Amino acid sequence: MANSCGKLILSIYIGFYCSAVFTPQICICSQFTSSSIDQFKKDPGAFPVATNGEIFPWRELRLPTVVIPLHYDLFVHPNLTSLDFVASEKIEVLVRDATQFIILHSTDLEIMNATLQSEEDLRYRKPGEKLTVLSYPAHEQIALLAPEKLMADLRYSVAIDFQAKLADGFEGFYKSTYRTLGGETRTIAVTDFEPTQARMAFPCFDEPLFKANFSIKIRRESRHIALSNTPKVKTIELEGGLLEDHFETTVKMSTYLVAYIVCDFSSVSGTASSGVKVSIYAAPDKWSQTHYALEASLKLLDFYENYFDIHYPLPKLDLVAIPDFESGAMENWGLITYRETSLLFDPKTSSTSDKLWVTEVIAHELAHQWFGNLVTMEWWNDIWLNEGFARYMELVSVNATYPELQFDDNFVNMCFEVIKRDSLNSSHPISNQAETPTQVKEMFDAVSYNKGACILNMLKDFLSEEKFKNGIIHYLRKFSYRNAKNDDLWSSLSNACLESDFTSDGFCYSSSKTTSNTLTFLRENVEIKEMMATWTLQKGIPLVVVNREGRSLRLRQERFLSGVFKEDPEWGTLQERYLWHIPVTYSMSSSNVIHRYILKSKTDTLDLPVETSWVKFNVDSNGYYIVHYEGHGWDQLITLLNQNHTLLRPKDRIGLIHDAFQLVSAGRLTLDKALDLTRYLQHETSIPALLKGLEYLELFYHIMERRNVSDVTENLKLYLLQYFKPMIDMQSWSDEGSAWDRVLRSALLKLACYLNYAPCIRKATELFSQWMESSGKLNIPTDVLKIVYSVGAQKPAGWNYLLEQYELSLSGAEKNKILYALSTSKHQEKLMKLIELGMEGKVIKTQDLAALLYAIARNPKGQQLAWNFVKENWTHLLKKFDLGSFPIRMIISGTTSHFSSKDELQEVKLFFESLKAQGSHLEIFQIVLETISKNIKWLEKNLPTLRNWLLISI
Ligand code: BES
Ligand code: ZN
């Protein structure tokens, strides 16, 4: 996923209070409630004006908490021909404080009628007391005005009839289309509500804290089926041949998790060990691609039910591949929706990486059935409690169910991905204020997802796996069907260290094996809270600077900033008030023991018990910090890697490569030293470590190529081909080997062909010709498919043929590979044609437009084209995607963040300013500007070094 604001965020938690506890279980927190109502009485002029000119009685973005929903009866009748729906609902509410109005969310719904009834309030006993409906679109709210005040502690039933068009985009209740093998285009209707789009489908209390039960009925034609969160109880036949499906009442849940689909899909089903029926649904012609997902989801559901020791509470779980989908997938309770490429696996065209992705997404969305669905964050500022946990659980569950995929080696890369973002001043704390729908959408970023997962992994490593697991189970049990905030998690994790575990010294030991690994430092529950506050309420990542003199290790922590050097005037200010409680780990040449220690102060000194030739910090890269070794530290580690790299663990080697190049960006290490560190890679036995080194070298090649620095580009090419030749030549054009063998093959052959390595081009051309001659019937090994297509796309005939096949292919995995290949063309008119097709949204679906623009911007011949297009077509793009949405953020960063000149920076700045003047403001703007400035600085400092290093290396 793509990605704000400064200072220690403790100050942004303003004025929240728990207004009342209406059941022993639930506490609704609000910053406004009664004060706003009083305000209304005092000064109605301070309130907004509704669409009909009357005063709208509520002025806050968040709903009042005086009226809360208990149950929704929702009836929906979509018409897939006229592309609209009529609907009605009855919401049972509890009035907690007397009020004359009920505020609900509603966006673009035509409300035909609203009435009120109550069994408990005699004045409203007779059915159908009409309510006045006011609408305030700026806040996506409606107000239902009652003729007489509703009384505290009584239940009322609000009935609303409404209708709307099926939405055009990817939000709310929207339409999606697909093409059958026979060439027919069919339409389905599907929902996607997170975070704030349930209000587009039915008027509701659309905030995560308002959990309720839902009883859903869907009317459909007999050629369709209807799916919703729960199993169908019955189907009623209506006059005229229509059918009406009634679904079981759901468990208590937030509105953003409600889902329903009307489609004509086929499915495969199986039963999990607990008896839950799992089904995979896809368009009928894609049925054959559903089998891997069924196998994986059954395995993963079994795993989670065992691991959490909490049953998945619904009798069924459906996973549905939706032809038009904005994100990767959505965890609706019992009815998970996926982009086709995140669920379907086609053995003929899906590669190992595709399989890994499908497995990962299924694991992620299934984890949400507990983290997110069962226990939900109170507000979107803590979306990391959903997304960070789901990402973290991907690691745990995929490692356990598919060890052969060696998923944990991917996890470190996920942390590295967010470190790039978090080492800019424009980053934001994991828990961050978010009020408007756009701000809420922006919270779904790498910080919430990846940093969230990485700090959880760090905490697990610190507490021990067993304690961490017990703690999170405790959290899930305690807050089931309720909402939680950060502190609730920390308390649950602290309580996991049972009182009986504490020893007289105040330390907490794991009850079973007491090794230094499981030794934890829980003097008081407060410690975890304090420690984790430094990671969640404070943005950025720490740098641990190690200085060794004999047996004495001097440690210092700083805030790590890439692109800001210590000699820069702003460095000092940017450091102020930053301090982390860092659970530091280290290993030494003298033993295999992992040493642990918490660095809570700016500086500290550790005395080593014995002499050692090297010390390596951040064992297995489990910690969220970067390490710099001052003095001879890096030289000693480089020597060690060259002498016998296997003395360090593979993930330690990956960490060293990563940290060295990060330190170059921060001006702490010279580029030639970091490059020297990669010289051992020829002997590297761990594929993920080798790939990490290769990734940086390739990155430098792309920077040089894009900037047109021809001498360095040529020399880097020579170096890469020379250095990696033995490994490239060893690769077979097949799908053999372990998951990582296969990932390495794809990476090396892709590089070789990109660099025009003759044997690679020859083989790929040969395979491409055979494929064309076979009319696309020949099976090319999936791991090299993208490479073969990309080489084929360089000739006009090949490019045209690929575009034809793109239209025909029923495999999303294949289509992605073809689209990537098409985007590597050197012909600008071809690239422009792709963009036009993407904007048209027929041959190339709108859902794939952002990835297409991203790919074209990565092509040196397309970068200017893509950027100009975005500038000139911004308003068109905003008609397709919502401002804070992932595609818009991806389009912006994808087409700009590789720029590295002052002119480009100025151009981007001007564009962003013009957008701001039009009222569009996104935090991604600042991230991009900072990234470009960083790139400029990097080049100024490191280009001469890179040039010289290459001259002595080739
Ligand atoms: N809850 C999200 C879907 C979502 C994303 C809703 C953005 C609202 C805004 C879902 O669980 C998710 O995280 N999907 C990921 C896939 C995952 C494997 C990281 C995605 O869509 O990329
Ligand atoms: Zn998620």
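Glu-387 reaches ligand 1 with a polar side-chain atom, which sits 2.8 Å from a nitrogen atom of the ligand. Taken alone, ligand 1 would expose 510 Å², and the protein buries 92% of that. Keep in mind that this is a predicted model.

| Side chain | Ligand 1 atom | Distance |
|---|---|---|
| Glu-387 | nitrogen | 2.8 Å |

What about the rest of the shell? There are 17 residues around ligand 1, and the ones that come nearest are Glu-194, Gly-328, Glu-331, Glu-365 and Tyr-449. Sorted by class, the shell has 7 nonpolar, 6 charged and 4 polar residues. At least two shell residues come from each of β21 (329–330), α4 (352–368) and α5 (384–401). Helix α4 gives the most, with 5 residues.

Now over to helix α14, which covers residues 650–665. How far apart are its end C-alpha atoms? They are 23 Å apart, which agrees with the 22 Å that its 16 residues should span at 1.5 Å a residue. Is α14 mostly buried or exposed? Of its 16 residues, 15 are buried, so the helix is largely enclosed by the rest of the structure. After α14 comes Gly-667, with a positive phi near 70°.

How values were computed: Residues numbered from 1 in each chain as written. Chains lettered and ligands numbered in written order. Predicted model: local features only at pLDDT ≥ 70, side-chain atom pairs only at ≥ 80, totals over all residues. Heavy atoms only, no water. Near = heavy atom within 4 Å. Polar contact = N/O pair within 3.5 Å; in protein donor to acceptor, adjacent residues only side chain to side chain. Areas by Shrake-Rupley, 256 points an atom, 1.4 Å probe, with all protein chains shown as cover. Helix = DSSP H or I, 4+ residues; strand = E, 2+ residues; numbered from the N terminus. Nonpolar A, V, L, I, M, F, W, Y, C, P; charged D, E, K, R; others polar. Expected span 1.5 Å × (residues − 1). Buried < 20%, exposed > 50% of the residue type's maximum accessible area, 1.4 Å probe, protein only.
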